[in-house]
Amino acid sequence: MSEYSDEMYAGSQKPNFMGHPIGLSVLFFTEMWERFSYYGMRTILILYLTKYHLFGVDEASMIYGAYAGMVYMMPIIGGYLADRYLGSRKAVTYGAILLVAGHGLMAFHGPAAYMSGDIVIRDEFYINIFFLALALIIGGVGFLKANISSVVGALYGPNDPRRDGGFSIFYMGINLGSFASMIIVGYVGEVHGWNYGFSLAGIGMLFGLLVFLWGQKYLGGRAEPPKPEVLKEKSPIGLNKENTIYLFGLGMVALSFVMMQYDEMVIQLVGISGTFMIGLVLFYGFTKCDKVDRDRLFVALFLIAVQSVFWALFEQQAASLTLLADQQFDLNFLGLNILASQVQTMNAMFIIMFAPVMAWAWLALAKKKWEPSTPAKFGYSLLIIGAGYIVFAWGMGLDDSTSKSFLWLIFIYFMLTLAELFLSPVGLSMVTKLSVPKIVGMMMGTWFLFTALGNNVAGWISSLMGSQEHGAASGTLDMTATMDLYTMIGLGSGVIGIIILLLTPLLKKGMHGVH
């Protein structure tokens with residue numbers, strides 16, 4: 001501890017957990033269980049929709065895309081309400097309660113769908129329960145996701161050198177929770193019943209809520225409402241403002257419930273919102289900024305927009321790639337009987353394996369002044385993920401067996417993860433460095449909007465890969481259409497990557513010295 005001065009620790013909690021504030025342990029386990037529930041549910045979602053409710057690939061993929069897109073949209077609203085009124089602690093607690101309710105409802109899935117001639121018969125009451133459960137999860141993530149990271153930052157003083165290490169420990173919780181859930185929830189859901197898998201995800205979220213409620217005393221009064229007295233004021237509807245916000249949260253859930261049933265509207269909504277935000281940022285840049293700030297802002301805006309292409313390809317892992325694993329691959333590998341829902345664990349596993357290697361590589365390259373700039377990293381990311389899909393589609397054409405080699409799945413997941421390590425870790429950092437301080441929050445919101453758009457488009461792309469059969473067979477991928485689409489999106493991503501690399505000198509100039 002002596003290596004840090006008292007001045008560095010000013011404003012921080014005293015170190016009690018691995019040399020870090022004791023509150024970090026509370027947030028670590030809260031986020032670990034929250035990610036356990038989120039990824040556990042997500043890993044079996046597309047399989048559940050196609051196998052239990054007999055949705056076609058097109059319908060199931062669009063439902064998934066709408067859900068994933070709205071999960072990334074709602075934290076914009078939840079973050080704003082926490083910053084302005086609730087404070088992060090109250091927002092995280094409310095979000096966790098909504099999540100427990102949503103995951104709990106997922107366990108009540110009613111009778112399985114069945115065929116009557118060419119018509120699929122589903123129990124519409126339980127389908128509505130399903131959509132309500134998704135809506136509660138969307139609302140819960142909206143209040144929790146952005147704000148729990150803010151609480152981590154609040155544990156440290158402005159000059160505390162342990163801050164980056166604290167976030168690294170926190171993100172270990174994310175990877176640990178996601179990795180464990182894909183193995184455990186995937187197994188329970190596929191082998192013992194979808195409702196048991198969803199129940200397990202819900203129990204995980206309940207553990208997260210209990211940890212957070214128990215550990216609030218260790219947060220040291222941080223993440224409290226900015227002005228507690230304002231929350232007690234009356235709102236126009238007669239309730240105090242705090243309860244009005246909670247009621248508004250239920251309104252978010254109601255809106256999500258409606259939007260999930262009109263999933264094509266979600267892409268339109270996100271697209272319109274993204275276009276509006278681009279226009280707003282451009283207007284601000286031309287009217288409020290000097291040349292240097294304006295150039296940096298426009299570089300950030302360009303990179304924010306193109307990252308949606310990456311997410312559209314990356315998020316195939318929870319849609320078409322999961323269906324491929326289930327329908328086309330020999331999942332007995334090295335004596336292990338792997339389930340289709342568990343294949344996604346490769347992404348978390350590769351992150352854990354290679355993130356430290358990439359961090360070391362960037363430092364080594366930086367010492368030699370060879371490290372690629374942020375725009376170049378974005379370009380390389382799109383080249384890598386595009387090449388991954390092109391080679392994967394080519395390999396599928398070579399492998400004419402009825403049960404294809406698991407090595408091809410290892411290849412595509414490795415390429416997805418490598419591309420992720422080039423783009424995702426530097427993305428949010430880029431936004432904070434290039435944005436004008438007054439609109440950093442707005443720019444973060446724009447980043448998440450385009451992440452949401454990428455997730456929406458991922459579902460739409462996957463929806464184009466289904467067979468034209470009826471009933472249970474409609475959940476089967478059309479291999480010719482799938483591989484043609486993989487080649488097409490791979491080429492498109494590669495072309496955009498090359499364009500970014502060609503523009504990199506101009507983009508670096510526009511960054512005016514910011515690395």
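## Overall size

With 515 residues, a compact globule would have a radius of gyration near 24 Å; this predicted protein has 23 Å, which agrees. The radius is taken over C-alpha atoms, and the globule rule is 2.2 Å times the number of residues to the power 0.38. Along the principal axes, the C-alpha atoms fill a box of roughly 70 × 55 × 50 Å.

## Basis and confidence

This is a predicted model: local features need pLDDT of at least 70, side-chain atom pairs count only at pLDDT 80 or more, and totals for chains, interfaces and linings use all residues. Residues are numbered from 1 along each chain as its sequence is written, and side-chain values use heavy atoms, with hydrogens and water left out.

The average pLDDT (the predictor's confidence in each residue, from 0 to 100) is 88. A score of at least 70 is reached by 95% of the residues. Among the elements, helix α17 (residues 479–511) has the highest mean, 96. Helix α1 (residues 6–9) has the lowest, 56.

## Helices and strands

The protein has 17 helices and six strands. These are DSSP runs, numbered from the N terminus: helices are H or I with at least four residues, strands E with at least two.

Helix α11 (residues 291–314) has 24 residues. From first C-alpha to last it reaches 35 Å, close to the 34 Å expected at 1.5 Å a residue. That expected span is 1.5 Å times one less than the number of residues. At the start of α11, a side-chain oxygen of D290 comes within 3.3 Å of the backbone nitrogen of V292.

## The lining of the largest cavity

R35, Y38, V71, Y72, P75, V141, K145 and F448 line the largest cavity. Helix α3 gives the most, with three residues.

Key:
On a 1 Å grid over the protein atoms alone, a cavity is a set of points where a 1.4 Å probe fits but cannot get out, and a pocket is an open set with protein on both sides within 12 Å along at least five of seven lines; lining residues have an atom within 4 Å of a point. A polar contact is a pair of N or O atoms within 3.5 Å; within protein, one must be able to donate a hydrogen and the other to accept it, and residues adjacent in sequence count only if both atoms are side-chain atoms.
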